[in-house]
Amino acid sequence: MEKIGYVGVIFLGVLAFLGSVQGQLKLGFYDQTCPNAEKIVQDYVKKHIPNAPSLAAALLRMHFHDCFVRGCDASVLLNSSSTNTAEKDSPPNLTLRGFGFIETVKSLIEAECPGVVSCADILSLVARDSVVTIGGPFWRVPTGRRDGTVSNSTEALLNLPSPFFNFSTLQARFASKGLNVTDLVLLSGGHTIGIAHCNPSFATRLYNFTGRGDMDPSLDSEYAEVLKRKCRVPTDNTTIFEMDPGSFRTFDLSYYRLLLKRRGLFESDAALTSDSTGRSIINELLNAPVSKFFDEFAMSMEKMGRIEVKTGAAGEIRRQCAVVS
């Protein structure tokens, strides 16, 4: 038998370690310790999301915002303290909603299995089940995530993609999380059920794009006029806009069709068509059945759900999602 050198032993050890870490995040992680956990989540979501379908987009967005800062560890759920401003109070997260929904699900699971199921897993499952409940795609959610103990407002600013990003900046930000251009285009497709507030996140495109009181020339002029009729001042933080007008309650391909018509709401939406690769991916999706979009969106969501997860002895299992145990 051929001898394995010292370097080979180290290499095999690293592979074994990586394999064990991946093994700790698996389908049915709670089958023995809390067998009803996923059913409790699913039942609560199916009961309440039909009465508030717009919450599905909010919960999907919350999951995304969580995973891009310190990985999928529920750090976005933690409250600020007298000595620390948490992620949820960072400017990009001020319009997040659904925290009470997650906390209620957590309380139901705690009543069944105290101190077993993480808030990170609950958020991941709730996001998936909410999208499925409104007719969107299903994706697998392997579980076993642990909850983080740190949440910092500045880190949210530094890690979350901005609605002002151009394509190259978006690509770099996604790459820093192990996601490629295909993932960027597919995950942006979640905007098909999204809503946005009339504030500088897109109002700048209407009223002061280059600082000279002008409009973004990449924005369709007719669409811009529709937006201006509702968004009369760029500081309006209350008026809500559909990111996929006329179809925002349906998880479909309409968002991508609007992008090709120069009707993406954010600069970051419009940026997807400014790159030949991004445009090619969009055209491929539009020339295929919606099932292709569903299947590929599911794969990107599974990939996102694994970003920098804490498993094993890392992190903790919170008893309440808003506070460290």
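How do the residues of the lining of the second largest cavity divide into nonpolar, polar and charged? They divide into 4 nonpolar, 3 polar and 3 charged. Here Ala, Val, Leu, Ile, Met, Phe, Trp, Tyr, Cys and Pro count as nonpolar, Asp, Glu, Lys and Arg as charged, and the others, Gly among them, as polar.

A word on the model. It is predicted, with local features requiring pLDDT of at least 70 and side-chain atom pairs pLDDT 80 or more, while totals for chains, interfaces and linings use all residues. Residues are numbered from 1 along each chain as its sequence is written, and side-chain values use heavy atoms, without hydrogens and water.

Back to the cavities. A cavity is a set of points on a 1 Å grid over the protein atoms alone, where a 1.4 Å probe fits but cannot get out; lining residues have an atom within 4 Å of a point. Points are joined across faces, edges and corners, and the volume is the space filled by probe spheres set on them. The structure holds 2 cavities of 30 Å³ or more. The largest has about 60 Å³ and is lined by Pro53, Ser54, Ile134, Ile193, Phe248 and Arg249.

Next, the aromatic rings. Rings of Phe, Tyr and Trp (its six-membered ring) pair if their centres lie within 6.5 Å; planes under 30 degrees apart are stacked, over 60 edge-to-face, the rest tilted. The whole structure has 14 such pairs. Phe251 and Phe297 have ring centres 5.1 Å apart and planes at 70°, so this pair is edge-to-face. The pair links distant parts of the chain, 46 residues apart: Phe251 is in the loop between β2 and α11, Phe297 in helix α14, residues 290-304. Helices (H or I, at least four residues) and strands (E, at least two) are DSSP runs, numbered from the N terminus.

Phe297 also pairs edge-to-face with Phe293, at 5.9 Å centre to centre and 65° between the planes. These two are separated by about one helical turn because they are 4 residues apart in helix α14. Phe293 is buried at 0% relative accessible area, and Phe297 at 1%; buried means under 20%, exposed over 50%, partly exposed in between, with a 1.4 Å probe and protein chains only. One aromatic cluster takes in Trp139, Phe251, Tyr255, Tyr256, Phe293, Phe294 and Phe297.

Key:
On a 1 Å grid over the protein atoms alone, a cavity is a set of points where a 1.4 Å probe fits but cannot get out, and a pocket is an open set with protein on both sides within 12 Å along at least five of seven lines; lining residues have an atom within 4 Å of a point.
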